[in-house]
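Have the 3D view ready.

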Amino acid sequence: MNGATVSAIGVAMAQQKLIAAGFGVAVPLVQEPWDLLVYRRRRVWRVEVKSTSSKRSVDCRRGHDKRLRYSPQHVDAVVGVHVVTGQMVWVPTRWIHSLTNLYFSQFTEFDSPDMLFKAKRPKAR
C-alpha cells in the first residue's frame, strides 16, 4: 500500500470508531493541520490521524521535512492507527508534543476515543 492509501484507510477507521462510540465527526473541506473535527457533549477536538501498515509506531512530526511537531495550538489530539492490526491509540497533543514517534505499546490504555475526554496523563516509563 502506498502512503496515501494507508492514510485514507486510517482516517476511515478512526471515523468508524468515533461514530460507533457516539461522537460526531466532521471532515474539513479545505486543507487544515488536522484530519477530523470531533465533537460530543459541547466539546470539540481537532484530531490528526497518523497511520501505518508496518511499524510499531507512527511519526508525530508534521510538514514536508518532518521538522515540526504537533502542538496544542494546531491540533488537540493525535490518533495512531495501525491499518493492518486495527490497533489505535488516542492521545491529547499536550502529552506528546515533544515526541517524534507515538509507540502503540506506550499508550496501551488509550485504545478508546473516550480517553480524549477523561484520560489522565500516563506515568513516565
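Start with the largest nonpolar core, which has 17 residues. A nonpolar core here is a set of buried Ala, Val, Leu, Ile, Met, Phe, Trp, Tyr and Cys residues joined through side-chain atoms within 4.5 Å, and buried means under 20% relative accessible area, with exposed over 50% and partly exposed in between (1.4 Å probe, protein chains only). The residues with the most contacts inside this core are Leu36, Val38, Val47, Val49, Val79 and Val81. At least two core residues come from each of α1 (3–20), β2 (36–40), β3 (43–52), β7 and β8; α1 gives the largest share, five residues. These labels are DSSP runs numbered from the N terminus: helices are H or I with at least four residues, strands are E with at least two.

A quick word on the source: this is a predicted model, where local features need pLDDT of at least 70, side-chain atom pairs count only at pLDDT 80 or more, and totals for chains, interfaces and linings use all residues. Residues are numbered from 1 along each chain as its sequence is written, and side-chain values use heavy atoms, leaving out hydrogens and water.

Now zoom in on leucine 36. Leaving aside residues up to four places away in sequence, Leu36 touches (heavy atoms within 4.5 Å) a list of residues including Val11, Leu18, Val27 and Trp45.

Finally, look at valine 84, in the loop between β7 (77–82) and β8 (88–92). Valine 84 is exposed, because its relative accessible area is 56%. Valine 84 and isoleucine 9 are 75 residues apart in sequence, yet their C-alpha atoms are 9.8 Å apart in space.
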